[in-house]
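Hi everyone, thanks for coming. I have a model to walk you through today, so let me put it up on the screen.

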Amino acid sequence: MAVSETVAAARPADTPTQPPPGKKRRGRNAAYWLYLLPGAVLFVLVIGAPLVGTVYLSLTKWSGIGDPTWVGLDNYQQLLHDEVFWASFRNTVAMIVAMVVVPTLLGLLLASVLFDIIGRRFRPRTAAALRAAFYLPQVLPVVVAGIVWGWILRPDGAFNSLLDSVGLGALRHDWLGDPGTALPAVMAVMIWVQIGYPVVVFMAALQRVDPELYEAAEVDGANWLHRFRAITLPQIRPETFVVALTCTIAALKVFGPIFALTRGGPENATNVPSYFAYYTFFKKLQVGYGSAISTVLTLIIVVVAVLFIGMQYRSERRDRGI
Amino acid sequence: MAVTLTPVDRAPATSRATPVRDRHHRGAGRWLVLALVTLGALVMLVPFAFMLLNAFKSPSDYSNGGPLSWPTEFYTTGLRTYWTTVNFPLKLWNSTLIAGSVAVLGVAVSLLNAYALGIGRVRGRLWIVGLFLLANMLPQEALIYPLYYVAKQVGLYNTQLSVIIIFTVIQSAFGTYLLASVMGTFPRSLLEAAALDGAGKWTILWRVVFPNLRPTLAVLLIFFFIWTWNEFLIPLVMLIDNQTQTIPVALASLQGDRLMDAPTTNAGALISLVPAILFFLIFQRTLARGITAGAEK
């Protein structure tokens, strides 16, 4: 694994970035490797080796019993022609809309309104109470949220009763059972789950913006929209990057809510790669194929993360005029 | 959910009343905005209201009145059924044991890793930190089968210890990334003064670095606890019986069971989220102080 190689290669050298103040520095820095040792061993055992194992298994056919049979890239070729695999990735795009795009945009709007209008024109406590209401779903184990929503959206659940009671009984529907509405319903639940995170992060970010910026803008007659575009958005761009990145990774990995709400059904209408991999591993006992799905998902996540971090790095450099 | 956190020592921004009144929001406008946002907040709370309303209904009450009716009696048998069926105190203990151990061990491993990376500035540290950051982003599906297989071979399958070890490493990957960047800005003069006084690395870590980082470590501890508490896939795969399961896994494995009529489902969900809401209330201050995203340079 890479860590241990780096450890071995780096031991005799000193730090290149900071010129060592004296020869003593060399030996002193090397001793710090000892502190990395427990973490590195655990890392290799629990993350490195299993990851390599999954990549290896993706090149085999295996039911989990006996010895895996080497099949080369067969699993990947099969994936290319697997309609369920493509459906699961199309649904991932829907998850990104529901867990990244909508919450980030709504979160920017809500955080700005809560901070700039409600926090300043009313009492800050009002803003804090409203923020807590939006954040509450983030506190729950996501499976618990999934189970409650699963019941609400059942044919005889609370949502249909609510429609009845306001005279919209004609809209009664098996929201999670109909392939046409299952995905939008899951997306709505995910927006509900996710929205509090950007609101809280963006509101915290706004606290570090100099209030005089807002006051000066107001003196100049800038309305809320002007202030939002000229001050709020540029000032909290670092946080927007972090929220977009962490939410995108979470959307690519989403498992618990799908498990609790639909188990990927009906007819794979809400299947996502991580549930598809879980199902292939533990229900169909096709370990090689499941590993191939996981490997592809891992690659996509790594590429997305590297792209995001690269973008952030470039935009920071641009800001500093380098 | 990963959050980048740095303790914020500044006082929250002043919300002093501005002398200049924005004419766009002086009158009815601001009330309209308040009404809209409040409406949004109420919509967020509706599912909780549904759950509370139905957790205390008897099955016959539910089948007569439906999900929206007011309960005719304060019925707690559903709660008690769920409590005893899943042996809830044991699940509570399992969740607490796992999340608590992971929080403490994860912070300890993060601290040691970050000491070498952020203060020791060992060679190649940027790559190592990057590796930890990526590891935190990996889908758990990419690790689960080998972990499951090996756990079965070595007899750790269906033990809380397996889940504790796995999450200690997964959480400390994030903790290492965070603490390494915090320690990167640790005042060198403090370290050098301690070294001049003859303190070794181990002493400096516990006498100088640890006390200074305590607020950040506390936030990290709470996050690790809550994240681990809410984890699902790995406990679902690793913990298969009543003796070892955690609260979310216990609730999910009863889903669709004959025993779980609508009021019992709601009662189970209600019991399961009470601890989470308690943590939220207890730790709210620490967390509000602690969550500011990626602003550290």
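I'll go from the overall form of one chain to the contact between chains, and then to a few local details.

Please keep in mind that this is a predicted model.

Let's begin with chain A. Its secondary structure consists of 16 helices and two strands. The C-alpha trace spans about 65 × 60 × 30 Å along the principal axes. For the radius of gyration, chain A comes out at 25 Å, whereas a compact globule of 322 residues would be near 20 Å.

How much of chain A counts as buried? The figure is 45% of its 322 residues. As for contacts inside chain A, if you take those between residues at least 6 apart in sequence, 68% of them join residues at least 24 apart.

Now for the partner. On the chain A side, 98 residues are in contact with 82 residues of chain B. Which element of chain A gives the most to that side? That is helix α3, residues 33-57, with 14 residues. By residue class, the side of chain A that touches chain B has 70 nonpolar, 21 polar and seven charged residues.

On to chain B, and a helix that I think deserves a look. Helix α9 of chain B, residues 201-230, has 30 residues, and a straight helix would reach 44 Å at 1.5 Å a residue, yet its end C-alpha atoms are only 36 Å apart. Where does α9(B) bend? The bend is at R214(B), by about 65 degrees, and a proline, P215(B), follows within four residues.

Finally, some backbone details for those of you who like checking torsions. In chain A, the peptide bond from G265(A) to P266(A) is cis, with omega near -15 degrees. P266(A) sits in the loop between α14 (256-261) and α15 (273-282) of chain A.

Going on past α15, the loop between α15 and α16 (287-319) of chain A holds L285(A). L285(A) is not a glycine, but its phi is positive, about 55 degrees. With 13 other C-beta atoms within 10 Å, L285(A) is partly exposed.

Chain B has a case too: R121(B), another residue other than glycine, has a positive phi near 45 degrees. You'll find R121(B) in the loop between α4 (88-119) and α5 (125-137) of chain B.

Key: Residues numbered from 1 in each chain as written. Chains lettered and ligands numbered in written order. Predicted model: local features only at pLDDT ≥ 70, side-chain atom pairs only at ≥ 80, totals over all residues. Contact = placed C-beta atoms within 7 Å. Nonpolar A, V, L, I, M, F, W, Y, C, P; charged D, E, K, R; others polar. Buried ≥ 20, exposed ≤ 12 C-beta atoms within 10 Å, placed from the backbone. Expected span 1.5 Å × (residues − 1). Bend = angle between axes of the 7 residues up to and from the residue. Rg over C-alpha atoms; globule rule 2.2 N^0.38 Å.
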